[in-house]
Amino acid sequence: MKKESKLWLTVKKNTPKINWTRLESWASYGVPDLIGYHDSCGFFMCELKVAHGPKLSFSPHQKLWALTHTKRNFIIVEQALKGSPRSIKLYDSSAIHGLLTDHRATPCLALDDWDLIERLLLDA
């Protein structure tokens with residue numbers, strides 16, 4: 001199983017109030033991996049990334065999407081650096097420039113707190 005597939009299962013398990021749909025990226029380049037829905041806030045989107053180093057990699061289409069769809073668009077990053085504990089971070093899509101440079105130095109909306117992550121996704 002690919003690492004982003006494992007992250008998808010983790011997100012789904014830890015955000016039970018959200019109805020998630022996983023999108024196939026080959027169908028439309030740049031579109032985030034997940035679309036979430038809840039009656040209180042409607043739809044929102046999340047890109048999933050697993051970090052093995054300080055820089056995250058995004059395709060040109062993903063960069064364009066993140067920069068042109070700044071409302072209700074998020075990036076969920078699982079840090080999987082060797083020698084470091086795993087962590088989950090939630091970013092607003094506008095943080096993409098920092099994620100391209102060093103995700104560890106880029107301020108996140110939530111860190112290792114699934115209740116807060118779910119609340120932020122639903123409040124946006």
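**Notes on ring contacts and the cavity**

1. Lys-49 is placed over the face of Phe-58, at 4.8 Å from the ring centre. The model is a predicted one, and the remarks below should be read accordingly.

2. The structure contains 3 aromatic pairs. One of them joins Tyr-37 and Phe-43 in a tilted arrangement, with 4.7 Å centre to centre and 50° between the planes. Tyr-37 counts as partly exposed because its relative accessibility is 26%. Phe-43, at 54% relative accessibility, counts as exposed because the cut-off for that class is over 50%.

3. Phe-44 and Phe-74 make an edge-to-face pair, 6.4 Å centre to centre and with 85° between the planes. This pair links distant parts of the chain: Phe-44 belongs to strand 3 (residues 42-51) and Phe-74 to strand 4 (residues 73-79), 30 residues apart. Both Phe-44 and Phe-74 are buried. Through ring pairs, Trp-20 is joined with Phe-44 and Phe-74 in a cluster.

4. The count of cavities of 30 Å³ or more comes to 1. The largest cavity has a volume of about 60 Å³. Its lining includes Phe-58 and Phe-74, together with Gly-30, Pro-32, Glu-47 and Trp-65, among others. Helix 2 (60-68) and strand 4 are the elements that give two or more residues to this lining.

5. Which classes of residue make up the lining of the largest cavity? There are 6 nonpolar, 4 polar and 1 charged residues.

Definitions and conventions: Residues are numbered from 1 along each chain as its sequence is written. This is a predicted model: local features need pLDDT of at least 70, side-chain atom pairs count only at pLDDT 80 or more; totals for chains, interfaces and linings use all residues. Side-chain values use heavy atoms; hydrogens and water are left out. Rings of Phe, Tyr and Trp (its six-membered ring) pair if their centres lie within 6.5 Å; planes under 30 degrees apart count as stacked, over 60 as edge-to-face and the rest as tilted. Buried means under 20% relative accessible area, exposed over 50%, partly exposed in between (1.4 Å probe, protein chains only). Helices (H or I, at least four residues) and strands (E, at least two) are DSSP runs, numbered from the N terminus. A charge sits over a ring if NZ of Lys or CZ of Arg is within 6 Å of the ring centre and within 35 degrees of the ring normal. On a 1 Å grid over the protein atoms alone, a cavity is a set of points where a 1.4 Å probe fits but cannot get out, and a pocket is an open set with protein on both sides within 12 Å along at least five of seven lines; lining residues have an atom within 4 Å of a point. Grid points are joined across faces, edges and corners, and a volume is the space filled by probe spheres set on the points. Ala, Val, Leu, Ile, Met, Phe, Trp, Tyr, Cys and Pro count as nonpolar, Asp, Glu, Lys and Arg as charged, and the others, Gly among them, as polar.
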